[in-house]
Amino acid sequence: MTNLPQRIFTYVRDTFTMAPSLHPSIDNGIKKGDANFTGGKLYCHCPSNKVEVTLGSNVLHNHACGCSKCWKPKSALFSVVGVIPTDKLSVTANKQKLHITDKSAAIQRNACKECGVHLFGRIEVDHPFKGLDFVHTELSDKSGWQEPQFAAFVSSIIEQGFDPSQIDGVRSRFNSVGLETYDVLSPPLMDAIATHTAAQKNKTSSKL
Ligand SMILES: N[C@@H](CCC(=O)N[C@@H](CS)C(=O)NCC(=O)O)C(=O)O
Ligand SMILES: [Zn+2]
Ligand SMILES: [Zn+2]
């Protein structure tokens, strides 16, 4: 978390330079979550017959993601996405409105066919994060969700048209609100992926 003078500086700089939004929950500093928070409901953006997803716990590893596949709110450069065990998530209304955005992706992102909002991403194939669903807590009307912990896939915004000469400014804005930036995931998550890959390789070689 950053101190007040730094936040005022960031706010004034961003207001005068009309910097594009990183994400509404990050632009003006980060609000810390509640350690005792126990979950809530997510809703799509349809004006009626909203898809409703119920989460039975807080999320973990909440982070900003600049990749092209994660859902972002209008005008934001980044998504904010966290994970929750699959058995803590259920679709509690209007499930028939969901479709999978890209069936070939590891993360099967279930989005509302009408408003386009992604309600949850699930992994069905062998993968280090199988058993975890990906969700956007900004779709909830409650506060207390874990705050973003880091920014991932930052350079990926360039692939979507962001001016590469401005990318250092994006990294420094994340840093000014207390978030580290990475061009893949954070080191602990990359270590978890590599550990899984090593275990798979061992399994395969022991069968030979
Ligand atoms: N540079 C690529 C990165 C895509 C990517 O690897 N995204 C990560 C973070 S969400 C991932 O795990 N993707 C798996 C998937 O989408 O199934 C892009 O922007 O599309
Ligand atoms: Zn919708
Ligand atoms: Zn992503």
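Hi everyone, let's start with Glu 180, which touches Phe 150, Ala 151 and Asn 175, leaving aside residues up to four places away in sequence; contact here means heavy atoms within 4.5 Å. Glu 180 sits in strand β11, residues 180-181. Strands are DSSP runs of E with at least two residues, helices are runs of H or I with at least four, and both are numbered from the N terminus.

A quick word on the model: it is predicted, so local features need pLDDT of at least 70 and side-chain atom pairs count only at pLDDT 80 or more, while totals for chains, interfaces and linings use all residues. Residues are numbered from 1 along each chain as its sequence is written, chains are lettered from A and ligands numbered from 1 in the order in which they are written, and side-chain values use heavy atoms, without hydrogens and water.

Now, which residues hold the zinc ion (ligand 2)? Cys 44, Cys 46, Cys 112 and Cys 115 coordinate that ion through their SG atoms, at 2.3 to 2.4 Å. Donors are N, O and S atoms within 2.8 Å of the metal (3.2 Å for Na, K and Ca), and because water is not among the atoms, sites may look incomplete. The angles at ligand 2 run from 105 to 117°, so the arrangement is tetrahedral; for four donors that term requires all angles between 85 and 135 degrees. The spacing along the chain is C-x1-C-x65-C-x2-C. Cys 46, in the loop between β1 (40-43) and β2 (52-55), and Cys 115, in the loop between β7 (107-112) and β8 (118-123), link distant parts of the chain, 69 residues apart.

Are these two buried or partly exposed? Cys 46 is buried, at 3% relative accessible area, whereas Cys 115 is partly exposed, at 29%. Buried means under 20%, exposed over 50%, and partly exposed in between, using a 1.4 Å probe and protein chains only.

Over at the zinc ion (ligand 3), the coordinating atoms include SG of Cys 65, Cys 67 and Cys 70, at 2.3 to 2.4 Å. Their spacing is C-x1-C-x2-C, and both Cys 65 and Cys 67 are buried.

Last stop: Asn 58, in the loop between β2 and β3 (60-65), is buried at 18% relative accessibility. A polar atom of the Asn 58 side chain lies 3.0 Å from the backbone nitrogen of Gln 146.

Methods: Four donors count as tetrahedral if all angles lie between 85 and 135 degrees; four count as square planar and six as octahedral if opposite donors are over 155 degrees apart and all others between 65 and 115; anything else is irregular. A polar contact is a pair of N or O atoms within 3.5 Å; within protein, one must be able to donate a hydrogen and the other to accept it, and residues adjacent in sequence count only if both atoms are side-chain atoms.
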